[in-house]
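Student: I have a structure open and have not looked at it before. Can you walk me through it?

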Amino acid sequence: KAGDHTRASKIPGVSGVDYLAGDLTVGFGHDNRMDNNNLFGPELGFGFELGAHKDETILIIKMAWGGKSLAVDFRPPSSTRFFDPYCQPPICEPKVTGHFYNIMVRTVSKILKHG
């Protein structure tokens, strides 16, 4: 079965937990305080498709914060070296890496460190 080898990690997790790991399925990672556990995101189809082609464990790390901008909050270091028409002061500082990009890199490194 495709999902047997697919694991997911949700960051920052539910109720302040650093991360949540388990089998990828409908409702995984959903805040259990709500009654509807039928919710899912694009990682479900992505994970099942990968699982259909690989006979090994797959780790999906999902990072999502609402209301954030790729051009500002998740701005990678590579974008600070050249002119970027999507980064305009005062909203975006052209030479500054995004705060949430840095948090994402640290968090993913922390999860991968544990093997």
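**Asp 84 and the rest of the chain**

Tutor: Asp 84 counts as buried, because its relative accessibility is 15% and the cut-off for buried is under 20%. Keep in mind that this is a predicted model.

Student: Where does Asp 84 lie?

Tutor: Asp 84 is in the loop between β3 and α2.

Student: And which residues is Asp 84 in contact with, leaving aside its neighbours within four places in sequence?

Tutor: Those are Arg 75 and Ser 79. With Arg 75 there is a polar contact of 2.9 Å between the two side chains. A polar atom of the Asp 84 side chain also lies 2.9 Å from the backbone nitrogen of Tyr 86.

Student: Stepping back, what secondary structure does the protein chain have?

Tutor: It has two helices and three strands. Read from the N terminus, the order is β-β-α-β-α.

Student: How much of the chain is buried?

Tutor: Of the 115 residues, 28% are buried. The chain exposes about 8,000 Å², and carbon and sulfur atoms supply 58% of that area.

Student: What about contacts between residues 24 or more positions apart?

Tutor: They account for 43% of the contacts with a separation of 6 or more.

Student: How many aromatic pairs are there?

Tutor: The structure holds one aromatic pair. It is made by Phe 74 and Phe 100, with ring centres 6.1 Å apart and planes at 40°, so the pair counts as tilted.

Student: Which parts of the chain does the pair link?

Tutor: Phe 74 belongs to the loop between β3 (58-63) and α2 (99-113), while Phe 100 belongs to helix α2. The two are 26 residues apart, and the pair links distant parts of the chain.

Student: Are Phe 74 and Phe 100 buried or exposed?

Tutor: Both are buried.

Student: Now α2. What span should its 15 residues have?

Tutor: At 1.5 Å a residue they should span 21 Å, and the end C-alpha atoms are 21 Å apart, which agrees.

Student: Which residues of α2 are buried?

Tutor: Phe 100, Thr 107 and Ile 111 are. They cover an arc of only 35° around the axis, so they sit on the same side of α2. The face turned away from that buried side carries the exposed residues Arg 106, Leu 112 and Lys 113.

Student: Why would residues some places apart point the same way?

Tutor: An α-helix has 3.6 residues a turn, so residues three or four places apart point the same way.

Student: Back to Thr 107. What is its relative accessible area?

Tutor: It is 18%, so Thr 107 is buried. A polar atom of its side chain lies 2.8 Å from the backbone oxygen of Ile 103.

Student: And α1, how far apart are its end C-alpha atoms?

Tutor: They are 17 Å apart. The 12 residues of α1 (residues 42-53) should span 16 Å at 1.5 Å a residue, which agrees.

Student: Which residues are buried in α1?

Tutor: Glu 43, Leu 44, Gly 47 and Gly 51 are buried there. Their arc around the axis is only 105°, which puts them on the same side of α1. Pro 42, Ala 52 and His 53 are exposed, on the face turned away from the buried side.

Student: Last topic: which residues are joined by a cis peptide bond?

Tutor: Pro 89 and Pro 90 are, with omega about 5°. Pro 90 lies in the loop between β3 and α2. Most peptide bonds are trans.

Methods. Residues are numbered from 1 along each chain as its sequence is written. This is a predicted model: local features need pLDDT of at least 70, side-chain atom pairs count only at pLDDT 80 or more; totals for chains, interfaces and linings use all residues. Side-chain values use heavy atoms; hydrogens and water are left out. Rings of Phe, Tyr and Trp (its six-membered ring) pair if their centres lie within 6.5 Å; planes under 30 degrees apart count as stacked, over 60 as edge-to-face and the rest as tilted. Helices (H or I, at least four residues) and strands (E, at least two) are DSSP runs, numbered from the N terminus. Buried means under 20% relative accessible area, exposed over 50%, partly exposed in between (1.4 Å probe, protein chains only). A polar contact is a pair of N or O atoms within 3.5 Å; within protein, one must be able to donate a hydrogen and the other to accept it, and residues adjacent in sequence count only if both atoms are side-chain atoms. The expected span of a helix is 1.5 Å times one less than its number of residues. The arc is that of the directions from the helix axis to the C-beta atoms. Contact means heavy atoms within 4.5 Å. Accessible areas come from the Shrake-Rupley method with a 1.4 Å probe; for residues, only the protein chains shown count as cover.
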